[in-house]
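Let's take a walk through this structure together. Have the view open as you read.

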Amino acid sequence: MKPYSTLMENPVTTSDIKAFMYPSPLAGIDEAYDSEGGIRPHWRYLLHSLQTLGQDAIEERQRKTRRILRDDGATYKIYDEPDANQSWQLNPIPLLIDSEEWNQIETSLVERAELFNLLLQDIYGERTLVRQGVIPPELLFSHHGFLRPCHQIKLPGDHQLILHAADLARAPDGTMRVMADRTQAPSGAGYALENRTVMNRVFPSLFRDSHVHRLSLFFSRLRQRLHELNPNGGIARIVVLTPGIYNEAYFEHAYLANYLGFQLVQGSDLSVRNGYVWMKALDGLKRVDVILRRVDDVYCDPVELRGDSRLGVPGLLEVARMGHVAIANPLGSSVLENPALLRYLPAISQALLGRDLQMPSVKTWWCGNSDDLEYVCANLKDLLIKPTYRRPGLYEVYGADLDDKKLQAWQNRIRKNPLQFVAQEYVAGAQTPTWHQGQIQPRASVLRTFAVASESSYSVMPGGLTRVNLDADKKIISNQRGSISKDTWVLASEPEKQISLLNIDAQSSNESTNALPSRVVENLFWMGRYAERAESALRLLRTVFIQLNKTEKLPDPVCRTLLSAITHVTATYPGFTSLQNTLFKNPEPEMISIILDHQRLGSVANNLIAMINAAEQVKEQFSSDTQRVINDIGDQLEQLKQTLEPNTLSAPEEALAPLITTLLAFAGLIHESMTRGNGWHFMEMGRRLERALQIVNTLRSLLVTGFEEIEQETLIESNLLCGEALITYRRRYQNGMRIEQGLEMIMLNAKNPRSLIYQLTQLEEHFSNLTNNQDEFSAEQKLLLEATTALRLSDIKLLAKTTNGIRSDLDQLLSRLQYLITTATKAIGQHYFDHTDGPQLLVKNTEWEDQL
Amino acid sequence: MKYRILHSTRYQYALSVSNCYNLAYVLPRATERQRIDKLDIKVSPMATTRTIRTDYFGNQFLQFSIEKDHTVLDVSITSEIYIKDATTDPNLDFGNPCTYVKYLLQHSKDWETLCAREFMLDSPMVQAHSDLAEYAAPSFSDDRPFLSAVMELTQRIFADFTYDPTFSDVATPLAEVLKHKRGVCQDFAHFAIGCLRSLGFPARYVSGYLETLPPPGQKKLVGADATHAWFAVYSPGEGWYEFDPTNNKITGEQHITTAWGRDYSDVTPLKGVIFGGGHSPQLFVSVDVRRIAEDFVQTQTQTQSQSQSQIQR
């Protein structure tokens with residue numbers, strides 16, 4: 001491949017590339033072809049490079065792209081298709097924009113953001129636009145995004161609108177038009193960054209030689225502006241407020257929080273106290289100064305906004321009113337997303353800026369205007385119909401996609417509620433080279449751009465999020481309808497100077513702003529517990545499979561003891577504890593059910609799914625290595641469904657091995673790569689507590705009842721096998737399996753990382769390292785100290801002794817330990833995690849109406 | 001006329017509430033006719049934050065939060081207000097006819113009219129409906145003076161509807177109210193507003209108190225009064241006029257205003273969010289409206305001539 005500079009000297013011509021490109025389109029506008037059918041200069045290098053790479057190499061890189069996105073946990077949920085593939089999709093061919101055109105676009109976008117900022121100030125301030133008749137009062141007053149409680153609330157600084165995003169499409173005349181503005185909580189900037197990161201890895205040299213403008217400065221400016229918004233002085237604690245894992249763009253929330261170095265929180269992690277917003281951390285409340293909001297404004301405060309919201313923080317609006325927290329974008333900013341404003345935008349621009357906007361909006365009609373209404377009804381089949389207020393399940397519709405009956409239904413719907421609808425001229429957007437089915441194909445594209453308030457103006461991300469439909473017949477481009485994304489390369493005429501971000505990032509956070517919300521810690525705690533439960537169960541199941549499949553048939557009582565141990569350890573009662581003989585004659589179906597039946601409480605699948613869900617809740621805490629291992633766990637669980645068919649098993653224990661290995665890899669990664677903060681301690685504590693319980697349960701099931709020597713040996717061997725201690729044991733004691741030595745190994749051997757005493761001493765260690773550790777022992781510490789002491793004071797000989805076929809001393813000790821550890825686990829939950837009742841409304845029946 | 005008003009609200013919870021965040025629309029509003037001379041606010045247990053704020057509609061509301069355990073919440077407001085004597089009843093038979101009011105609403109560019117158009121739109125609890133338009137239409141013939149038509153609507157609601165506190169709660173939809181023709185002041189106000197908006201006129205919800213008087217010879221009971229609600233309509237160039245369909249009259253000096261908005265949801269007397277508290281908190285409201293001594297004897301005789309049955313809430 002030739003670098004850009006040599007390319008200038010020996011330019012690639014259209015004919016060099018034509019073989020690999022689709023032919024020049026006969027009509028419409030194309031990003032890569034000019035009107036004479038020549039390839040535009042700024043596309044030549046990329047297209048030529050792709051041609052040089054060839055089909056197979058591009059396909060390979062497309063696969064690599066998918067793999068990286070999956071490893072990064074990059075997802076996007078489509079609400080109407082909950083079962084669809086949720087992976088974020090990135091096409092390998094970026095959209096290219098040359099720097100000359102970009103300069104114009106950038107200037108226009110800054111101007112537009114300025115205008116929307118003034119508009120927002122006017123709407124929640126003097127409302128001169130209504131007063132002077134620039135916009136009809138109904139346009140503002142009927143919009144659900146106009147939040148009267150937000151009247152007169154102000155952010156510090158020059159700008160009320162912190163983030164502005166716009167959807168651009170190229171009109172047939174070649175100029176860009178704005179189709180829509182996004183001001184609620186504009187999404188996509190994080191996805192654009194992820195796209196860039198992936199492209200950078202998949203096409204490193206192509207990317208380097210193309211001189212693409214970097215995105216990082218935009219994010220530094222965002223971080224800086226959020227710090228500047230801090231109303232409380234000192235180093236700001238900034239959080240990203242997400243609705244949680246069920247939001248379509250949850251990945252982006254986690255990704256941005258990580259990239260910007262902010263804490264990701266949900267509404268329930270925050271609390272209003274004494275006129276400020278606080279985050280519930282493990283060691284108490286931490287004041288929050290700035291909120292980057294990704295929850296729709298009406299859901300942010302059940303006291304003053306939607307009362308039925310569970311995503312908000314009761315009392316938040318009043319704190320904003322007092323000026324004790326800054327929220328970006330401010331509550332109420334969704335009013336600017338009303339597409340009816342586009343119809344009046346030229347007049348608004350004249351009124352507020354004193355000039356016309358450089359970049360026009362797509363022609364828009366508002367049905368609240370009677371002339372517009374008649375026009376729209378008469379021309380519905382050529383227009384795009386949009387509700388003035390976006391909400392899930394209500395999307396824009398293109399009249400051309402509707403039959404007469406549906407057109408009539410829409411007309412009725414609009415006439416019934418004209419204020420709530422606009423129609424827009426349909427702008428297809430320019431065709432752009434897109435990789436599909438092994439070749440380059442033309443597809444219409446739209447571009448979402450982002451601007452952030454910076455210094456006295458706005459700063460625009462160079463590039464943005466480009467989206468195309470792979471299905472060429474689909475007319476509306478929207479991620480919720482399965483559109484896919486592209487990176488957007490703004491090509492610099494010369495290599496970009498590296499700007500040091502040090503100054504801008506000087507206000508970085510410190511240790512004190514790094515506390516985790518207790519919800520996050522609790523999820524990590526549970527992850528540790530679920531992972532260990534699944535692992536213990538798998539180890540035991542594997543051991544039992546091995547014992548059952550031995551060439552010599554096991555004596556019946558041993559077999560029964562082993563099988564009921566599975567039921568005891570996994571708590572999948574009644575299972576093998578019922579006395580059905582058929583179950584013992586053919587135990588495989590029950591064992592497989594305990595592995596695979598995800599709806600069965602206590603099953604391996606049930607625990608693993610719970611673990612993966614907990615991981616999703618805190619995905620911002622994990623590196624992509626860890627994310628990959630978590631993905632693998634899910635994949636291997638899926639695979640087990642195929643490999644574990646009842647009655648076809650030759651060596652079922654083999655089938656379980658990969659999953660056990662992956663769980664070990666997960667434990668290892670956590671151990672080797674997670675910072676030793678509270679999150680790590682609690683995850684490990686969850687694991688240790690659970691392992692201690694499983695050891696106790698296994699011992700109680702297998703060794704409390706006394707057996708004849710040979711049978712006893714099988715059970716001790718099984719127990720050691722579960723605890724991975726068999727080899728060590730054999731090396732140390734070469735005289736067969738003896739109960740005393742077995743018990744010593746499993747219970748008291750401090751060097752065995754799967755012994756009971758090891759778990760208890762590790763727990764002690766974790767407690768002493770917690771950041772809020774106090775001198776006086778907490779309830780859980782006392783309980784665990786008692787467990788440790790009881791264990792240490794025990795006498796192996798007495799424990800091993802049987803009376804009437806029962807080791808009653810062992811049973812008593814184990815039963816006591818089980819009680820102490822279980823109670824300690826509960827005490828930890830009560831001590832550290834927030835389980836207060838959720839909020840309830842005082843007056844229940846004045847909830848907002850959904851009128852559409 | 002001078003009044004002393006005591007408005008107390010008590011919530012009793014089954015379980016302890018750890019913290020609560022509230023908004024209360026319980027303070028009298030200063031208007032052209034109404035002046036607030038004294039205001040005393042008591043919140044118990046003691047509020048952690050407490051502020052009087054002015055809302056979007058110009059009403060004063062009380063914001064407060066309590067951040068300690070409690071099982072009883074008490075909010076009591078004592079105010080002394082002065083209300084200007086009602087000038088003679090407006091002559092409803094002159095003034096702009098309905099068609100002209102509609103014309104002005106569409107074409108007037110004055111600020112007050114543009115703002116009043118907000119009250120022609122649907123609001124959370126009042127949506128325009130053809131049934132409402134149909135009910136109201138006979139009173140609003142094109143050339144009839146608008147305010148006289150509104151008075152007739154007020155009279156018809158008073159005559160057609162039965163006051164019945166057992167029938168409705170705040171969430172009863174207007175369609176139900178129309179079907180059964182029963183409800184309380186709030187429903188009648190919402191119903192009238194719905195009728196007016198369905199015909200294309202601006203109407204707003206007014207909440208407040210009404211002075212009631214005991215039957216002759218009996219002593220007035222403390223707390224016998226209640227919060228009350230009525231509505232106001234706007235006629236461009238003529239301003240806002242208030243009507244009370246529960247009592248079949250234009251509001252007078254016995255109507256004391258606390259707040260107005262598009263409907264009840266904008267001015268709910270006390271709303272908020274509590275943490276804890278268990279199920280079904282119990283609400284006790286008591287209102288006492290009392291003339292302050294010097295005016296008492298003189299005015300009592302005037303109002304006693306009204307039929308007691310009219311003063312229903």
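Here is where the chains meet, followed by what is packed inside.

What you see is a predicted model, in which local features need pLDDT of at least 70, side-chain atom pairs count only at pLDDT 80 or more, and totals for chains, interfaces and linings use all residues. Residues are numbered from 1 along each chain as its sequence is written, with chains lettered from A and ligands numbered from 1 in the order in which they are written.

Start where the chains touch: 31 residues of chain A and 34 residues of chain B take part, with contact meaning C-beta atoms, placed from the backbone, within 7 Å. On the chain A side, α5 (128-131), α6 (137-141), β6 (270-273) and β20 (839-841) each bring at least two residues; helices (H or I, at least four residues) and strands (E, at least two) are DSSP runs, numbered from the N terminus. Now look at β20(A), which runs antiparallel to β13 (residues 270-276) of chain B, joined by three bridges; strands pair if DSSP finds at least two bridges between them. There, A:Leu841 sits opposite B:Val273.

Next, the inside. The largest nonpolar core holds 310 residues; such a core is a set of buried Ala, Val, Leu, Ile, Met, Phe, Trp, Tyr and Cys residues joined through C-beta atoms within 7 Å, and buried means 20 or more other C-beta atoms within 10 Å of a residue's own, all placed from the backbone. Helix α15 (residues 518-548) of chain A gives this core the most, 15 residues. B:Phe231 is among the residues with the most contacts inside the core. Beyond four places in sequence, B:Phe231 touches residues including B:Ala192, B:Tyr205 and B:Phe243.

Methods. Two residues are in contact if their C-beta atoms, placed from the backbone, lie within 7 Å. A residue is buried if 20 or more other C-beta atoms lie within 10 Å of its own, exposed if 12 or fewer, and partly exposed in between; C-beta atoms are placed from the backbone.
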